[in-house]
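Morning, everyone. Let's take a quick look at the aromatic rings in this one. Please bring up the sequence and the model.

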Amino acid sequence: MQNLEPILIFITVAEMGSFTRAADSLGIQKGRASTAIRKLEEDIGVRLLHRTTRSVQLTEDGRAFRARARDLLAEVDDLHSMFAGDRVALRGRLRVDLPTEVARTTIVPALPDFMAAHPELELEVSSTDRQVDLVQEGFDCVLRLGSIRDETLIARPLGLLRMANAASPAYLARYGVPRSLEDLQRQGHRTIHFSTILGARPHGWEYPDGDSYATLQLPGALHVNSAQTYDAAALAGLGLIQAPVLGIGQYFESGALVEVMRDARRRAIPVSLVVAHRSNLSRRVRVFMKWIEDVLTPYLE
């Protein structure tokens with residue numbers, strides 16, 4: 001496996017476009033990464049990377065070599081685990097990205113059992129509501145809410161995340177409990193606007209309309225770009241929200257939030273696990289993805 005290290009370093013540098021980021025991701029010195037690739041180029045007799053002071057790009061030979069190298073590493077990993085099954089411990093670093101609210105309320109609370117079952121696995125968890133770049137930022141897999149627009153990525157749909165309309169008891173005492181779209185307007189209700197990009201046009205209050213969905217523009221002076229802030233604003237009585245039950249179900253149980261208009265929930269949100277390449281999934285990635293799927297299943301339609 002030591003002879004394969006230069007190939008792993010090359011793939012990481014090529015996909016992240018940076019010796020520095022690749023070295024950080026692999027936990028090695030930048031000089032070691034540079035030396036390994038220079039020696040690899042000498043051994044095979046071609047230049048794999050164009051290097052400048054600002055960027056690193058693949059040569060034509062580098063692109064061809066990377067495609068075969070990915071397959072090679074995947075086959076080696078499968079070869080090591082094909083007879084071992086669960087008897088061989090998961091080792092190495094696994095880097096994943098999760099939506100903040102899913103991580104906080106569901107995944108992280110379940111992590112102790114997973115980490116106890118795989119004590120030699122090092123897990124790096126990023127939590128953000130933006131769409132990360134799997135390749136450039138070096139993620140093994142990410143959990144995405146919503147549609148997957150990048151056709152170059154490989155997505156495994158898990159299901160649909162149930163949604164709910166909610167507000168705090170104090171807010172409902174002030175404005176009344178809406179039971180219909182007409183009540184939303186007649187009672188003067190306000191919504192908390194959510195968008196990952198502040199300043200973007202508010203999506204609106206979504207509701208079922210026959211076989212599809214429509215939106216109603218409700219007033220609201222507060223715009224947020226974080227799922228946690230969105231929930232906190234509702235808890236503070238600042239307006240109505242439409243959020244996944246996975247995140248706010250605990251507040252229904254405690255009474256901090258009240259579900260309203262159950263027959264007019266917004267459409268459920270697709271949930272997917274996403275990787276950059278199907279052919280380069282290590283055993284630790286496959287095991288983690290299966291565990292994530294099991295954790296989320298109770299919240300999916």
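Is phenylalanine 114 buried or exposed? Phenylalanine 114 is buried: its relative accessibility is 4%, and the cut-off for buried is under 20%. Keep in mind that this is a predicted model.

Now, the ring pairs. There are 6 aromatic pairs in the structure. Take phenylalanine 10 and phenylalanine 65. Their ring centres sit 5.4 Å apart and their planes meet at 70°, so this pair is edge-to-face. Phenylalanine 10 belongs to helix α1, residues 5–16, and phenylalanine 65 to helix α4, residues 60–81. So the pair ties together parts that are 55 residues apart in sequence. Phenylalanine 10 is buried, at 0% relative accessibility. Phenylalanine 65 is partly exposed, at 22%.

Back to phenylalanine 114. Its ring pairs edge-to-face with phenylalanine 288, at 5.5 Å centre to centre and 75° between the planes. Phenylalanine 114 is in helix α5, residues 100–117, and phenylalanine 288 is in helix α10, so parts 174 residues apart in sequence are tied together. Phenylalanine 288 is buried too, with 2% relative accessibility. Ring pairs also bring in Trp291: Phe114, Phe288 and Trp291 form a cluster.

What about helix α10 itself? Helix α10 has 14 residues, 283–296.

One last contact. Arginine 95 lies over the face of phenylalanine 139, 4.8 Å from the ring centre.

Technical notes: Residues numbered from 1 in each chain as written. Predicted model: local features only at pLDDT ≥ 70, side-chain atom pairs only at ≥ 80, totals over all residues. Heavy atoms only, no water. Helix = DSSP H or I, 4+ residues; strand = E, 2+ residues; numbered from the N terminus. Expected span 1.5 Å × (residues − 1). Phe/Tyr/Trp six-rings, centres within 6.5 Å; stacked < 30°, edge-to-face > 60°. Buried < 20%, exposed > 50% of the residue type's maximum accessible area, 1.4 Å probe, protein only. Lys NZ or Arg CZ within 6 Å of the ring centre and 35° of its normal.
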